[in-house]
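Visitor: I would like to learn how to read this model, feature by feature. Where do we begin?

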Amino acid sequence: MDQKKMKLGFIGTGNMAGAIMGGIIRNKIFAPAEIIGADISLDSRERVKKTYGIETTDDNKEAAKRSEVLVLSVKPQFYAETIAEIRDSIDKTQIVITIAPGKTLAWLEEQFGKEVRIIRTMPNTPALVGEGMTAACTNRYVTEGEKEYALKILSAFGKVEIVPEHLIDAVVAVSGSSPAYVFMFIEAMADAAVAEGMPRQQAYRFAAQAVLGSAKMVLETGKHPGELKDMVCSPAGTTIEAVRVLEERGFRSAVIESMRACADISRNL
């Protein structure tokens, strides 16, 4: 007897896969019974099975054959061998979603060696709390209807936008990797608050909420970030002095140069 066809499958059930599963289930895009996850790690399989109630397997080919939409959520260095393993299990009615930096649509098509509907994406880890930012681009085989269907899936764990493929490396720098920069910024602000006498956990809450609220102001007011900064900076006040020191220490340049380095690495993966 043929096994049940699943709406969504994953090869690799790590943190990003879990974030995507969680958002999809919370928003009732698919039920747990409609999702299958494949992983060679028993611990990883057991974790997602217990957390999300999905079906799991150690067989990548099984997940590939049984999924209408298949997410390749393994590390970039394992993409070639994973695709080689599953390509004969994929047909042209299925949609393959990738989340690996550096793996272009042309490279992916070459690895499959046949007509496959591919959507290349770059999500980020805030997907874990339903606030992800995902960029997506599609190959020529994906129809408009299929693209809209995939965007509905991807929007279950945050915001999603279609971008031209040549901007994916910029996306890696500005949203894919940037949570790490923001976490460092929050940690540094909290360290300074602790140095001023504030308890550590309270310092994290103040710093994190300040970042959250500031980001929300950018998104909801539509004002230029520089205009919002100017609103906080009173003449001869405390904020403008802090801004002066940040500028003196090369704050903007450090951010820009780090993002350029990030994008360069992404291009060459």
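Guide: Begin with accessibility: buried means under 20% relative accessible area, exposed over 50%, and partly exposed in between, using a 1.4 Å probe on protein chains only. Glu-85 is partly exposed, with a relative accessible area of 35%. Two notes on the source: this is a predicted model, where local features need pLDDT of at least 70 and side-chain atom pairs count only at pLDDT 80 or more, while totals for chains, interfaces and linings use all residues. Residues are numbered from 1 along each chain as its sequence is written, and side-chain values use heavy atoms, with hydrogens and water left out.

Visitor: In which helix is Glu-85 found?

Guide: Helices (H or I, at least four residues) and strands (E, at least two) are DSSP runs, numbered from the N terminus. Glu-85 is found in helix α4.

Visitor: Which residues does Glu-85 touch?

Guide: Contact means heavy atoms within 4.5 Å. Leaving out residues up to four places away in sequence, Glu-85 touches Asn-60 and Lys-61. The C-alpha atoms of Glu-85 and Phe-10 are separated by 14 Å, and these residues are 75 apart along the chain.

Visitor: What about the protein chain as a whole? How many helices and strands does it have?

Guide: The protein chain has 12 helices and 8 strands. Its C-alpha trace spans about 75 × 40 × 30 Å along the principal axes. Of its 269 residues, 39% are buried. Take the contacts between residues at least 6 apart in sequence: 62% of them join residues at least 24 apart.

Visitor: In what order do the strands of the open sheet run?

Guide: Two strands pair if DSSP finds at least two bridges between them. The open sheet has 8 strands in the order β3-β2-β1-β4-β5-β6-β7-β8, with mixed pairing. Its edge strands are β3 (55-57) and β8 (158-162), each pairing on one side only. For angles, axes are lines fitted to C-alpha atoms, for helices over the stretch in contact, and values run from 0 to 180 degrees between N-to-C directions. Neighbouring strands of this sheet are turned by 25 degrees against each other on average, direction ignored.

Visitor: How many bridges join β1 to β4?

Guide: There are 5 bridges between β1 (residues 6-11) and β4 (residues 67-72), and the two strands run parallel. Within β4, Val-71 is the bridge partner of Phe-10. Helix α1 packs on the sheet and touches β1 and β2; the direction of α1 makes about 160 degrees with that of β1.

Visitor: How do I read a nonpolar core?

Guide: In soluble globular proteins, nonpolar side chains tend to be buried together. A nonpolar core is a set of buried Ala, Val, Leu, Ile, Met, Phe, Trp, Tyr and Cys residues joined through side-chain atoms within 4.5 Å. The largest one here has 57 residues; those with the most contacts inside it are Leu-8, Phe-10, Ile-24, Leu-72, Tyr-79 and Ile-90. Helix α1 gives the most to this core, with 6 residues. Beyond four places in sequence, Phe-10 touches residues including Ala-17, Ile-20, Met-21, Ile-35 and Val-71.

Visitor: Is Thr-98 buried or exposed?

Guide: Thr-98 counts as buried because its relative accessibility is 1%. Thr-98 lies in strand β5 (residues 95-98). Its contacts beyond four places in sequence include Leu-72, Tyr-79 and Thr-121.

Visitor: How is empty space read?

Guide: Rolling a probe the size of a water molecule over the atoms shows where empty space is left. On a 1 Å grid over the protein atoms alone, a cavity is a set of points where a 1.4 Å probe fits but cannot get out; a pocket is an open set with protein on both sides within 12 Å along at least five of seven lines; lining residues have an atom within 4 Å of a point. Grid points are joined across faces, edges and corners, and a volume is the space filled by probe spheres set on the points.

Visitor: Which residues line the largest cavity?

Guide: They are Ile-20, Val-71, Ile-97, Ile-99, Thr-121, Ile-153 and Leu-154. About 30 Å³ of space lies in this cavity.

Visitor: Which residues lie closest to the centre of the second largest pocket?

Guide: That pocket holds about 790 Å³ of space. Of its 31 lining residues, Ser-73, Val-74, Lys-75, Pro-76 and Phe-78 are the closest to its centre.
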